[in-house]
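Please look through the structure below with the sequence at hand. The text after it goes from one part to the next.

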Amino acid sequence: MLEVDSFDAVLAATSFHWIPPEIGYPKAAKALRENGYLILLWNKELQPSYQVNKSLYPVYEVYAPSLCDRYENRETQERILQGLGQIVVDSGLFKNLRSGQIESQVTYGADEYVKLLY
């Protein structure tokens, strides 16, 4: 049985969206002490720059057609993450949403990049 009002924070990393909102948010809210924190971390797929993606498109068409329409620019990824945050707010159980984003840049060789695709 989950203890009520017992925790200062509930943390989930790239997992909370798998729990139905009508179950996860009420359980997290009950577990938290007053002024507790729900900390949700999400990871978006690494994307090549638009120019690199454009130059790889013909290769994707031939060898990985399922990847042709999966490119997400930064704005698209931010909208997706904001949508996930809005679900938290819409639960009515949490307020004062704060979000942040860390962007990484990685350089892959051809073989490393091909392995990343699978």
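The model shown here is predicted. A place to begin is the surface, where L11, Y37, I39 and L41 make a nonpolar patch of about 390 Å². Strand β2, which covers residues 32-41, gives the patch its largest share, namely three residues. L41 is one of the residues in strand β2. Its relative accessible area is 44%. Buried means under 20% and exposed means over 50%, with partly exposed in between, so L41 counts as partly exposed.

Next come the aromatic rings. How many aromatic pairs does a search of the whole structure find? There are four aromatic pairs. A pair of aromatic rings is described by two things, the distance of the centres and the angle of the planes. Y108 is partly exposed, with a relative accessible area of 32%, whereas Y113 has a value of 17% and is buried. Aromatic residues also form a cluster, made up of F16, Y25 and F94.

Now turn to a loop. N96 is found in the loop between α3 (74-90) and α4 (110-117). Is N96 buried or exposed? Its relative accessible area is 63%, so N96 is exposed. Along the chain, N96 and P65 are 31 residues apart, and 41 Å separates their C-alpha atoms.

The last stop is a residue of helix α3, Q77. The relative accessibility of Q77 is 11%, and Q77 therefore counts as buried. Which residues is Q77 in contact with, if its neighbours within four places in sequence are left aside? They are K44, E45, Q47 and E72. With E72 there is also a polar contact, in which the side chain of Q77 meets the side chain of E72 at 3.3 Å.

To go over the residues again, N96 is exposed, L41 is partly exposed and Q77 is buried.

How values were computed: Residues are numbered from 1 along each chain as its sequence is written. This is a predicted model: local features need pLDDT of at least 70, side-chain atom pairs count only at pLDDT 80 or more; totals for chains, interfaces and linings use all residues. Side-chain values use heavy atoms; hydrogens and water are left out. Patches are made of residues with over 30% relative accessible area and no salt bridge: like charges are joined within 9 Å, nonpolar side chains (Val, Leu, Ile, Met, Phe, Trp, Tyr) within 5 Å. Accessible areas come from the Shrake-Rupley method with a 1.4 Å probe; for residues, only the protein chains shown count as cover. A salt bridge is a side-chain nitrogen of Lys or Arg within 4 Å of a carboxyl oxygen of Asp or Glu. Helices (H or I, at least four residues) and strands (E, at least two) are DSSP runs, numbered from the N terminus. Buried means under 20% relative accessible area, exposed over 50%, partly exposed in between (1.4 Å probe, protein chains only). Rings of Phe, Tyr and Trp (its six-membered ring) pair if their centres lie within 6.5 Å; planes under 30 degrees apart count as stacked, over 60 as edge-to-face and the rest as tilted. A polar contact is a pair of N or O atoms within 3.5 Å; within protein, one must be able to donate a hydrogen and the other to accept it, and residues adjacent in sequence count only if both atoms are side-chain atoms. Contact means heavy atoms within 4.5 Å.
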